[in-house]
Amino acid sequence: MALNSEVLALLDEMKEIRRNIHRNPEVGLETVETAKLIKSKLDEYGIPYSDCGVNSVVAEIKGGEGDTTVAFRVDFDALEMEEENDFAYKSQVQGRMHACGHDGHCTSLIALAAYLSKNRDFNGTVLLLFQSGEEGYEGALRVIEDGFFDKYKVDYMFGFHNWPGLETGKIAVHNGACMASEDRFEIYVTGKSGHASMPHVSNEPFAAVADIIKGLQSIIVRKVPSHERGVISITQVHGGSMRNGIPDRVMVQGNVRTCNEDVQDLIEESIGQVAKGAATMYGVKAELDYVRKHPVLVNSVPEIGLKAAEKVVGAENVVTDMESSMAAEDYAFFMKHTKGCYVWIGNGSDSAALHNSKYDFNDEILPVAASFFIAVIDELL
Ligand SMILES: [Zn+2]
Ligand SMILES: [Zn+2]
């Protein structure tokens with residue numbers, strides 16, 4: 001491994017910062033104190049910054065006259081769950097925990113800021129984007145709506161997620177899709193209410209609902225090409241309130257994941273067809289409300305991520321054959337506006353899973369992430 005020696009020398013200080021953030025988790029877009037801490041470090045390093053989105057922060061560092069701009073994006077929000085670890089720096093806020101390692105992600109970028117404050121021998125502009133609200137709060141969209149891409153000409157953007165199960169010292173780079181899209185839908189099936197003893201004078205919606213739920217599963221096996229991946233999960237069904245009554249309306253809610261935008265289109269269209277077909281068969285009405293929450297995260301310049309990763313951990317420690325994850329990441333929105341690559345950095349083969357109550361970010365990978373960022377700068381600027 002060829003970790004940057006200046007970054008390695010910062011490890012103790014960065015560990016302290018990471019553990020401080022871990023102790024004080026903030027959720028969603030309400031990341032005021034963590035943003036303050038990030039800004040205080042940027043002030044200390046003499047790096048200018050501005051607010052963007054909701055409680056997100058972007059710092060700008062110029063080196064030389066080059067006109068290429070490379071952005072690095074990390075998230076820094078926590079989750080609403082109770083931590084079950086009992087180390088000294090465990091969460092001090094009941095019901096909140098850094099269980100996705102975003103405390104470590106943002107500390108890696110703080111380490112890069114510290115390094116760049118003393119090393120400006122690159123040619124171009126580096127942006128450090130600390131983003132709030134990644135865990136389903138549309139933090140990335142708020143940054144984009146706030147004019148991030150109007151204010152800055154971003155040629156490339158890079159990011160990472162720590163990855164439990166992948167050994168420390170390994171980096172995974174996907175050639176193409178890295179994380180899945182996430183869509184949510186509701187199907188409202190409306191019939192006619194009536195007495196349970198006389199279904200022939202009402203129009204009960206449950207038979208159609210049962211066929212819709214079965215039909216949705218056949219989309220994955222019969223319509224999605226077998227070499228592609230897709231998931232349709234039913235997450236809620238609500239309807240009825242009496243033992244002896246047939247309700248007017250039943251709601252079916254679900255969640256869809258794919259790693260290919262064509263498959264995403266196919267699934268949305270097919271859900272509509274299944275719902276409409278079953279409704280016609282039973283003489284009820286089915287209305288589909290389909291919302292695309294996150295796009296597929298596609299690496300457009302994996303070759304740059306690959307080169308930088310090889311430089312840091314050696315070619316033998318770069319993994320290129322991992323399946324893309326069916327989890328979603330709002331970094332995907334940025335990839336609609338610029339080129340980039342999002343990598344996974346091993347959090348250790350014995351690490352607890354993401355969003356597990358015993359999860360913890362592995363501090364040993366702070367210099368791996370920061371060295372990866374530096375290698376990208378060396379590559380592009
Ligand atoms: Zn998460
Ligand atoms: Zn995460």
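**Working through a zinc site**

In this predicted model, the mean positions of the protein's 35 positive and 57 negative charges sit 4 Å apart. Here Lys and Arg count as positive and Asp and Glu as negative, with His and chain ends left out; each charge is placed at NZ of Lys, CZ of Arg, CG of Asp or CD of Glu.

Residues are numbered from 1 along each chain as its sequence is written, and chains are lettered from A and ligands numbered from 1 in the order written. Local features need pLDDT of at least 70, side-chain atom pairs count only at pLDDT 80 or more, totals for chains, interfaces and linings use all residues, and side-chain values use heavy atoms, without hydrogens and water.

**Exercise 1.** Find the protein donors of the zinc ion (ligand 1) and work out what makes the arrangement irregular.

*Step 1.* Donors are N, O and S atoms within 2.8 Å of the metal (3.2 Å for Na, K and Ca); water isn't among the atoms, so sites may look incomplete. That gives C100 (SG), E135 (OE), E135 (OE) and H355 (NE2), at 2.0 to 2.7 Å.

*Step 2.* Check the angles: the four donor atoms subtend 52 to 150°, which makes the arrangement irregular.

**Exercise 2.** Decide whether E135 and H355 are buried or partly exposed.

*Step 1.* Buried means under 20% relative accessible area, exposed over 50%, partly exposed in between (1.4 Å probe, protein chains only).

*Step 2.* E135, at 18%, is buried, while H355, at 38%, is partly exposed.

**Exercise 3.** Name the residue that bridges the two zinc ions.

*Solution.* It's C100, linking ligand 1 and ligand 2, which lie 3.2 Å apart.

Conventions
Tetrahedral: all angles 85-135°; square planar, octahedral: opposite > 155°, others 65-115°.
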